[in-house]
Amino acid sequence: MFFKKEKDLYMFLEEMVLKMNHPDFIIYDPISIPHNFQKKQDIEIAGFFSAVFSWGNRKTIIKKSEELMSLMGNSPFDFILNHSEFDLKSLHGFKHRTFQFTDLLYFISFLRHHYENSNTLEDAFLIKNQGEFLQKTALENFHSYFFSLPFFPQRTQKHISTPAKKATCKRLNMFLRWMVRNDQKGVDFGIWNNIPASQLMIPLDVHVEKTARKLGLLHRKQRDWLAVEEITNNLKKFDPVDPVKYDFALFGLSIEKMI
């Protein structure tokens, strides 16, 4: 799809955002999992797991996320803080693609460690961030913090990406979008107040990549962190305050096969 004028592309993307940034979108997306909860920490934990599980078929992602929440008694925050060894045994056998029981045990250990020292997961992305918040720095620091416990399994590192390794960090970028954006549209939660939406980065997957290339928003050949920066910087030309809102348009256009 070719637009002669940048303004035409802007109007087209705005129209698509209005159409797709809607509660009807929720039931088909992993963000439906944290929408089952009211408590802030439950939303954070449910959102974190469902974002981490978000690769492959969306129906499977939602099913496995629901399964894990059920195993946690649909009270993930209480489970994280107060589980017993017996409770952990009830999780044995849980897996989602390459995410295995071993990985789950470490995730739970990290979350308990964090919530014993903080009442929000937002703080995990603010560690060592001084001055202006930069998402690249936040993700790199989060990766270091997440694997700071002395017993982390090497295999678990593949489930938490970092820009330091040129990864797109799609799942973490998506999780931050969910928690930070606050447009009162009923999709994203907006429960974190210390990370500016203007600094969020686009969650780049095959669908967003496909649309971005067709619209001329991405020219870099590799799908990596530099590609994330290229798309996001181009979207900031349209909305510097909330560039990641266009994720709805880029992802939706591909899923709906409109482009």
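Me: How close do the axes of helix α1 and α11 come, and at what angle do they cross?

Reply: Bearing in mind that this is a predicted model, the axes of helix α1 (residues 6-20) and α11 come within 8 Å, and they cross at roughly 80 degrees.

Me: Why are α1 and α11 called roughly perpendicular to each other?

Reply: Angles of 65 to 115 degrees count as roughly perpendicular, and the crossing angle here is roughly 80 degrees, so α1 and α11 are described as roughly perpendicular to each other. The contact is made by Phe12, Leu13, Met16, Val17 and Met20 on the side of α1, and by Phe248, Ala249, Leu250, Gly252 and Leu253 on the side of α11. Sorted by class, this contact of α1 with α11 has nine nonpolar residues, one polar residue and no charged residues.

Me: What makes α9 roughly perpendicular to α11?

Reply: The axes of helix α9 (residues 206-214) and α11 come within 8 Å and cross at roughly 95 degrees. Since the range for roughly perpendicular is 65 to 115 degrees, α9 is therefore roughly perpendicular to α11. From α9 the contact involves His207, Val208, Lys210 and Thr211, while from α11 it involves Asp247, Leu250, Phe251, Leu253, Ser254 and Ile255. By class, the contact of α9 with α11 has five nonpolar, three polar and two charged residues.

Me: How do you know that Ser254 counts as buried?

Reply: A residue is buried if its relative accessible area is under 20%, and Ser254 has a relative accessibility of 7%, so Ser254 counts as buried. Ser254 lies in helix α11, and a polar contact of 3.1 Å joins its side chain to that of His207.

Me: Why is Asp239 called buried?

Reply: The relative accessible area of Asp239 is 15%, and the cut-off is under 20%, so Asp239 is buried. Asp239 lies in the loop between α10 (225-236) and α11 (247-255). The side chain of Asp239 makes a polar contact with the side chain of Lys245 at 2.9 Å, and it also reaches the backbone nitrogen of Asp242 at 3.0 Å.

Me: What makes Asn173 count as buried?

Reply: Asn173 has a relative accessibility of 0%, which is under the 20% cut-off, so Asn173 counts as buried. Asn173 lies in helix α8 (residues 170-180), and its side chain reaches the backbone oxygen of Thr168 at 3.2 Å. Leaving out residues up to four places away in sequence, Asn173 touches several residues, among them Gln135, Leu139, Met201, Trp225 and Val228.

Me: How do you know that the span of helix α3 agrees with what its 14 residues should give?

Reply: At 1.5 Å a residue, the 14 residues of helix α3 (residues 58-71) should span 20 Å, and the end C-alpha atoms of α3 are 20 Å apart, so the two values agree.

Me: What lies at the N-terminal end of α3, and what follows α3?

Reply: Asn57 caps the N-terminal end of α3, with a side-chain oxygen that lies 2.9 Å from the backbone nitrogen of Lys59. After α3 comes Gly73, whose phi is positive, near 70 degrees.

Me: Which residues of α3 are buried, and what covers them?

Reply: In α3 the buried residues are Ile61, Ile62, Lys64, Ser65, Leu68 and Met69. What covers the buried residues of α3 includes α2 (40-52), α4 (76-82) and α6 (101-115).

Notes. Residues are numbered from 1 along each chain as its sequence is written. Side-chain values use heavy atoms; hydrogens and water are left out. Helices (H or I, at least four residues) and strands (E, at least two) are DSSP runs, numbered from the N terminus. The expected span of a helix is 1.5 Å times one less than its number of residues. Buried means under 20% relative accessible area, exposed over 50%, partly exposed in between (1.4 Å probe, protein chains only). Contact means heavy atoms within 4.5 Å. A polar contact is a pair of N or O atoms within 3.5 Å; within protein, one must be able to donate a hydrogen and the other to accept it, and residues adjacent in sequence count only if both atoms are side-chain atoms. Axes are lines fitted to C-alpha atoms, for helices over the stretch in contact, and angles run from 0 to 180 degrees between N-to-C directions. Angles under 35 degrees count as roughly parallel, over 145 as roughly antiparallel, 65 to 115 as roughly perpendicular and the rest as oblique. Ala, Val, Leu, Ile, Met, Phe, Trp, Tyr, Cys and Pro count as nonpolar, Asp, Glu, Lys and Arg as charged, and the others, Gly among them, as polar.
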